[in-house]
Amino acid sequence: RPSLSVGAMAEGDAPAVSRSQVEEFLRTCIEVMSSDTTRKMLQDPASGRPGPKLAELQKKVWDDMGVPTEAGRLAVGRVREDYPDDHADLTALKEEFGKAVDATYLQCLEDRRPSTLKK
């Protein structure tokens with residue numbers, strides 16, 4: 001199976017991942033990161049370290065969409081290049097996604113913080 005390299009495009013120089021798929025990924029991830037289900041899962045230290053777990057949640061969104069993770073990540077990183085005349089909404093959504101990931105990570109740390117620190 002051929003792998004997509006940085007800058008790889010599908011036939012006809014169209015982006016390998018469509019604009020609507022990038023938008024769907026960002027919106028779905030924002031929803032997943034903000035959900036009570038995710039917060040409850042991350043509260044449990046047995047779920048593992050929060051950073052890798054958040055990356056795993058993002059990978060699951062791509063998998064559920066049938067998009068190879070690396071192609072999806074590349075597409076999110078190339079929004080301005082791939083859609084030069086139509087990137088403002090996606091750029092704003094990408095920023096909202098970043099804030100949602102940060103907020104989820106910080107909330108996890110707060111939720112796992114012991115009520116009293118041990119000496």
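Is Thr38 buried or exposed? In this predicted model, Thr38 has a relative accessible area of 5%, which is under 20%, and therefore Thr38 counts as buried.

**Thr38 and its surroundings**
- Thr38 has its place in helix α2, and a polar atom of its side chain lies 2.6 Å from the backbone oxygen of Val32.
- Leaving aside residues up to four places away in sequence, Thr38 touches Val32, Met33, Leu57 and Thr104.

**The largest pocket**
- The largest pocket has a volume of about 150 Å³, and of the 13 residues that line this pocket, Met33, Ser34, Arg39, Thr104 and Gln107 are the closest to its centre.
- Helices α2 (36-43) and α6 (88-112) each supply at least two residues of the lining, and α6 gives the most, with 6 residues.
- By type, the lining residues of the largest pocket divide into 5 nonpolar, 5 polar and 3 charged.

**The largest nonpolar core**
- In soluble globular proteins, nonpolar side chains tend to be buried together.
- The largest nonpolar core here has 25 residues, and those with the most contacts inside it are Val17, Val22, Phe25, Leu26, Trp62 and Phe97.
- To this core, α1 (19-33), α3 (50-65), α4 (69-77) and α6 each supply at least two residues.
- Val22, when residues up to four places away in sequence are not counted, touches Val17, Ala75, Val76, Val79 and Leu90.

Note on methods:
Residues numbered from 1 in each chain as written. Predicted model: local features only at pLDDT ≥ 70, side-chain atom pairs only at ≥ 80, totals over all residues. Heavy atoms only, no water. 1 Å grid on protein atoms, 1.4 Å probe; cavity = no way out; pocket = protein on both sides within 12 Å on 5 of 7 lines; lining within 4 Å. Points joined across faces, edges and corners; volume = space filled by probe spheres on them. Helix = DSSP H or I, 4+ residues; strand = E, 2+ residues; numbered from the N terminus. Nonpolar A, V, L, I, M, F, W, Y, C, P; charged D, E, K, R; others polar. Core = buried A, V, L, I, M, F, W, Y, C linked by side-chain atoms within 4.5 Å. Buried < 20%, exposed > 50% of the residue type's maximum accessible area, 1.4 Å probe, protein only. Contact = heavy atoms within 4.5 Å. Polar contact = N/O pair within 3.5 Å; in protein donor to acceptor, adjacent residues only side chain to side chain.
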